Amino acid sequence: MFAIFEEPIDVGRLISAAQRPDCGAIFTFVGTTRIDESEGASVEYLEYEAYRPMADRKLEEIGAEIKRRWGVCEVSIVHRIGRVGLGEASVAIVVASPRRGPAFEASRYAIERIKEIVPIWKREVWSDGYVWVGSQVGTRERASLP
Amino acid sequence: MEGIQVLLFGAAADRAGTRETVLSAEGITLDELWQLLAERYPDLSPMRDTLAFAVNGEYARGDARISPGDEVAVLPPVSGG
């Protein structure tokens, strides 16, 4: 399953869906939004946007790369967009393989690849403005403009 | 003449003050399209070196040919995860 949606991610369901009798390992990576604080201000929530359907296709491409390279049984990648509260899952990767090694490696690869090629952007909304992560463009005074 | 649909995302949309626009041009490259875009939205210019571009949903280089009817996306550094 490769999906981008606004609803909370049901990680348990993704894991259940990856269980197969020919696979002895399921590795799950869940990225969650983190509280960040600096000089009296703090992050209130994050907001993600995606260029669709390119972003959907790139997730599928990563899945195909992983299947080719590691021969894993199942790969699911789900990314949330829209407003995501602190501590909530913004991305989940579930990889099942016959033995543990490939599942470990493949899920690490998936999250690194997402951060390289999938057109999704994160905006941190702080108590004193916002900033686009990666571009450092925003309305916070301390956000340095390029 | 059919236009070139330009979509802007994230910080680029912020800088331009819009999420989409249409440019009229024929027989140009992506680099040349960028020049037109930067003239229309001067605040985008300082971001040039950080941006990537997609043509019809796939990453493209500056020498890619753009035709009327194409969709060009302006992509700031991605920050998913």
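Student: Which residue stands opposite B:Phe53 in E7(B)?
Tutor: B:Val74. This is a predicted model: local features need pLDDT of at least 70, side-chain atom pairs count only at pLDDT 80 or more, and totals for chains, interfaces and linings use all residues. Residues are numbered from 1 along each chain as its sequence is written, while chains are lettered from A and ligands numbered from 1 in the order in which they are written.

Student: What makes strand E4 of chain B and E7(B) a pair?
Tutor: Pairing takes at least two DSSP bridges between strands (E runs of at least two residues; helices are H or I runs of at least four, both numbered from the N terminus). E4 (residues 52–55) and E7(B) share four, in the antiparallel sense. E1(B) also pairs with E7(B) over four bridges, but in the parallel sense. There, B:Gln5 has B:Glu71 as its bridge partner.

Student: Why is E7(B) called largely enclosed?
Tutor: Buried needs 20 or more other C-beta atoms within 10 Å of a residue's own; exposed is 12 or fewer, partly exposed in between, with C-beta atoms placed from the backbone. Four of the five residues of E7(B) are buried, so the rest of the structure largely encloses this strand.

Student: How do you know on which side of H2(B) the buried residues lie?
Tutor: In helix H2 (residues 30–40) of chain B, B:Leu33, B:Trp34 and B:Leu37 are buried. Their arc (directions from the helix axis to the C-beta atoms) is only 105 degrees, which puts them on the same side of H2(B). B:Gln35 and B:Glu39, on the other side, are exposed.

Student: What covers those buried residues of H2(B)?
Tutor: The cover includes strands E1 (4–8), E2 (20–23), E3 (28–29), E6 (65–66) and E7 of chain B.

Student: Why are E1 and E2 of chain A called edge strands?
Tutor: The open sheet runs E1-E5-E7-E2 in chain A, with mixed pairing. E1 (2–5) and E2 (25–32) each pair on one side only. Inside, six bridges join E5 (residues 74–80) to E7 (residues 89–97) of chain A, which run antiparallel. A:His79 stands opposite A:Val91 in E7(A).

Student: How many residues does each chain bring to the contact?
Tutor: Chain B gives 19 and chain A gives 23, with contact set at C-beta atoms, placed from the backbone, within 7 Å. H1 (10–16) and E7 (71–75) of chain B each supply at least two residues of the side of chain B that touches chain A. H1(B) has the largest share of that side, four residues.

Student: What confidence does the model carry?
Tutor: It scores ipTM 0.95 and pTM 0.94.

Key
Contact = placed C-beta atoms within 7 Å.
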